[in-house]
Amino acid sequence: MLDCTPKEVIKRSGGLINPAKTCQPIGAMYAALGIHNCLPHSHGSQGCCAYHRSHLTRHFREPVMATTSSFTEGASVFGGGANLKTAIKNVFDIYNPDVMAVHTTCLSETIGDDISTIIKSAEVPEGKVVIHANTPSYQGSHITGFSNMVKGMVEYLARADTDGKKEQVNIIPGFVDPGDMREIKRLVGKMGIKFIMFPDTSGVMDSPMTGKFDMFPAGGAQVEDIRDAGNSSLTMALGYYASSTPANLLERNCRVPAITLKTPIGIKATDDFLMTLRSKFTLEIPYELEEERGQLVDVMTDTHHHFYDKKVAIFGDPDILTGLTEFVLSLGMQPVHVLTGTPSGTLGGPQGIFEKEINEMLAAARLEGRVKAAGDLFELHQWIKNEPVDLLMGNTYGKYIARAEDIPFVRVGFPILDRSTHPYLPIVGYRGALRLVEMISNALLDRQDRDAADEDLELVM
Amino acid sequence: MSTAAPNVIEERESSILVKGRQRKSHLKCDADSIAGCVSQRACVYCGARVVLNPVTDAIHLVHGPIGCASYTWDIRGSLSSGSELYRNSFSTDLKENDIIFGGEKKLARAIDELVEKYKAPVVFVYATCVVGVIGDDLEAVCKKAAQKHGIQVIPVQSSGFIGNKSAGYQAACDALLRLIEPRSAACPPGNKHEVKSINYLGDFNLAGEAWIITEYLRQIGVEVNTVFTGDSKCSNLQKAPEASLNIIQCAGSMFYLAQQLEELYGIPYMRVSFLGLEDTSASLRSIAAFFKDLQMKRLAEELIQRETAAVKSQMEGYREKLKHKKAAIYVGGGFKAISLIKQFRELGIDVVMVGTQTGREEDYQTLHDIADDGTVILDDANPSELERFMTEKGAHLLVGGVKERPLAYKLGVAFIDHNHDRKHPLSGYVGAVNFAREVHATVCSPVWKYARGTGGGNYAGLPQC
Ligand code: SF4
Ligand code: SF4
């Protein structure tokens, strides 16, 4: 019934059908929620803000607070400067955050409001900060928006004000769930390195039930820490698309060397992450982490026969996809379709870097697959019709394809609108990889059980 | 206003009142939200989209950057008995170049490609904010495409900044009027059916609600000509002028359409509500009364008796468990809020706070009239206000939309979605029981026992249920 996708692939140039991305401001809003005591502000009409809040609320199941400039027709003709100034005044009068993080929308970008000038001429109370990011949605995706807001944090907050650098590392975690951020912090903590993570939505978007509503929950990166990030001796940007631009800016502004790594999803990317920490800070990997790694390898060997030759289609955000693709390859699966909605050359980087990276992984495994950036789910569905797969991995929107083609489906990425607990549980690190193994093999084996004839139903698998 | 808390913004004071405390029962509403507020309100496009989206065999093409389309992809929960085309997300995905040089060409291409692929009878093209600013001539593009493909291609003027959600309802209704506008003399206005035939306005068939009501009406001898717009098809909607009566459920979105249909096609309209036992029965009676048909009146009475009897013991069971609980209401339109107050009364629940996003002055007048003394009434509330009044009034339950759910839960307040995310039909007699069941499920859940251990909060339910 839900299958409206024809098999025959036709060339299209008139927009997207069933997008695999969304717009910049929601990424900026999410990033801003990762600063302690920060109120995101949407500079545009109220609709965008309402949509972004609802969408985040559906994924995280948490209240999402953000204000809007509430553009009306006047603002769209004369510019939104007056609205933003009023908004700044009201935000500090009423909600009193430490930081107000303004992002633009398509509308204010098209009108051409000059946000930094407006902020400079606004009355900002002593000790408070207004930061901003330009987030036009007709470029990039929500990942670009996340990156731009983190760039705004660096621009407005980070300062190099000590002689020499401190023995501490900055971690920019990328657009991942708070549970992932917690896990990354745990790993770095176990390594015994002082770190500053920003943004950090743990404790904000996974806050506990207390019987009270906190406009500003306890978590989030402290402003002083983001300031101090200018004094660190290294920045690790996890995920090229979400994190490298702000890390590079920090290098330029404060001369903190930046390294961009994959989001540590799967065994190899987690190894790379820890090894980099080890070599940069000449430390030993503690036994506990060795043990976790060993346990993961143990489970991978126990289960590898389930994965042999299984074809999988993966879609979602580019930084997540590189790690996931690498990991399913290390399990012995064949990622034959890999698609992101985010355009590949968004960051002014070389065009096609996403496709190149994934294709190299496939080539190394002597596989061929369809790989595409700036694609949509209509296209992915057509690919699957032409080359069927045993498993689909991606966000909630994959459920239509999974149903139409009757394939097992593992939900991972953003947004997940029809399941819960994902914000709390990591997919990064060795523990996260263990969880991925569990999710993937459960999906495959549940299907095998469902399809088995009575005489084939096995107790031990 | 003496009762306002210090953290209520001054400009907001005129949008809040407490029944019995102030002499004037006049509330400032329908005003624009204030810049810098955490408003729960949506935009014109949102309003237009929710009204039109249930037209199942249409191509709903969002002309704008990707976000506006992404966030509205199949979130409405309206069910279809036929085509599932409306559950796909179509966007022109405007890029920088389109913003600079205009998006008309891309739009024309998108329409061509989609029509070729899906052979739909109608395309709705939604304008978003950016389109309003870059000045694409939607009319012209749509007109050309319509001629080229021989189908209807209808622009929806829904740029977000031209007003709030209500303006979007109107934009959607204008689009519907264009759809049903007679294109030939084949269907002259006033050529009414012999059978008792009505249009049912303002039901979006969430969880199959329109099907329930259509069935009741069938049983009393009334044929539903078309629903606006739950589970509707282009061809049904075009027959709208043939009906002899329009009944309106969600007045906020459809009042304007009803007025227009009366003016253009001479179809009278009547407000109804199928939320709760009392309103459902009253509505069926007034429909029967309209047709002045004794047989129909008798059938209606029989149906009312039969259905009421069927749910009586269940309703009483819930009432026993739920009475004297306190509820807060924060929903989209005023009419729904009014129905909810009555529905809570049927369950013995006291309403301590009621607010809407887009209620109109006369809605607030009615709300004020039927509310108990001390009830807080507010327009376009922000989360702090909702929190404050729910806590102050000791609400056990909040009825709201997606953004309010986690807020309620954090406060230890039970929650019901009376919006797109609802899971069971809440209309009619069955719906009244479902509603009671949902209230019971959340208010009396054992989770609150553990939640209470965290300190603070209102904590629904316990101990008596
Ligand atoms: S206008 Fe732009 S910012 Fe607003 S929802 Fe649409 S795409 Fe996103
Ligand atoms: S851009 Fe305009 S139309 Fe789109 S969501 Fe924002 S306010 Fe609504």
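## Domains 1 and 3 of chain A

In this predicted model, the C-alpha centres of domain 1 of chain A and domain 3 of chain A lie 33 Å apart, and the contact draws on 14 residues from domain 1 of chain A and 19 residues from domain 3 of chain A. The domain assignment behind this description divides chain A into domain 1 (24-157), domain 2 (166-205 + 216-285) and domain 3 (291-453). Between them, domain 1 of chain A and domain 3 of chain A bury about 1200 Å², with 64% of that area on carbon and sulfur atoms. On the domain 1 side, A:His55, A:His59 and A:Arg61 supply 43% of the area buried against domain 3 of chain A, more than any other three residues.

The count of salt bridges between domain 1 of chain A and domain 3 of chain A is zero, whereas five residue pairs are found in polar contact across this interface, both partners being at pLDDT 80 or more. Within domain 1 of chain A, the elements that each supply at least two residues to the side touching domain 3 of chain A are α2 and α7 (142-157), and α2(A) gives the largest share of that side, five residues. Sorted by class, the side of domain 1 of chain A that touches domain 3 of chain A has four nonpolar, seven polar and three charged residues.

## The interface of chain A and chain B

Where the two chains meet, 69 residues of chain A are in contact with 74 residues of chain B. Together chain A and chain B bury about 6000 Å², of which 61% is on carbon and sulfur atoms. The residues of chain A that lose the most area to chain B are A:Tyr51, A:Tyr138 and A:Met209, which together account for 13% of what that side buries.

Two salt bridges are found across the interface of chain A and chain B; A:Glu62 and B:Lys410 form a salt bridge in which the closest N and O atoms are 2.9 Å apart. Residue pairs in polar contact between chain A and chain B number 21, with both residues at pLDDT 80 or more. The elements of chain A that each supply at least two residues to the side touching chain B are β1 (16-17), α2 (46-60), β3 (67-68), α3 (73-78), α4 (81-95), α5 (106-111) and α15 (377-386). Of that side, α2(A) provides the largest share, ten residues, and the residues of the side as a whole divide into 32 nonpolar, 28 polar and nine charged.

Strand pairing also links the chains, in that β1(A) and strand β3 (residues 90-91) of chain B pair in the antiparallel sense over two bridges. In this arrangement A:Ile17 stands opposite B:Phe90 in β3(B).

## Domains 2 and 3 of chain B

Chain B is divided into domain 1 (1-31 + 312-465), domain 2 (44-183) and domain 3 (185-302). The centres of domain 2 of chain B and domain 3 of chain B, taken over C-alpha atoms, are separated by 27 Å, and the contact takes 27 residues from domain 2 of chain B and 27 residues from domain 3 of chain B. These two domains bury about 2200 Å² between them, 66% of it on carbon and sulfur atoms. In domain 2 of chain B, the residues losing the most area to domain 3 of chain B are B:Leu79, B:Leu177 and B:Ile180, together 27% of what that side buries.

Zero salt bridges are counted between domain 2 of chain B and domain 3 of chain B, while eight residue pairs are in polar contact there, both at pLDDT 80 or more. Two or more residues of the side of domain 2 of chain B that touches domain 3 of chain B come from each of α1 (44-52) and α7 (165-180) of chain B, with α7(B) giving the largest share, eight residues. That side of domain 2 of chain B comprises 14 nonpolar, eight polar and five charged residues.

## Backbone features of chain A

A cis peptide bond joins A:Phe198 and A:Pro199, with omega about -10 degrees, and A:Pro199 is found in the loop between β7 (194-197) and α9 (223-228) of chain A. Another cis peptide bond joins A:Phe414 and A:Pro415, with omega about -5 degrees; A:Pro415 is found in the loop between β14 (409-411) and α17 (429-451) of chain A.

A:Ser70, a residue other than glycine, has a positive phi, near 45 degrees, and is found in the loop between β3 and α3 of chain A.

Definitions and conventions. Residues numbered from 1 in each chain as written. Chains lettered and ligands numbered in written order. Predicted model: local features only at pLDDT ≥ 70, side-chain atom pairs only at ≥ 80, totals over all residues. Heavy atoms only, no water. Contact = heavy atoms within 4.5 Å. Buried area = accessible area lost by both parts, 1.4 Å probe. Salt bridge = Lys/Arg side-chain N within 4 Å of Asp/Glu carboxyl O. Polar contact = N/O pair within 3.5 Å; in protein donor to acceptor, adjacent residues only side chain to side chain. Helix = DSSP H or I, 4+ residues; strand = E, 2+ residues; numbered from the N terminus. Nonpolar A, V, L, I, M, F, W, Y, C, P; charged D, E, K, R; others polar. Pairing = 2+ DSSP bridges. Domains from an automatic or database assignment.
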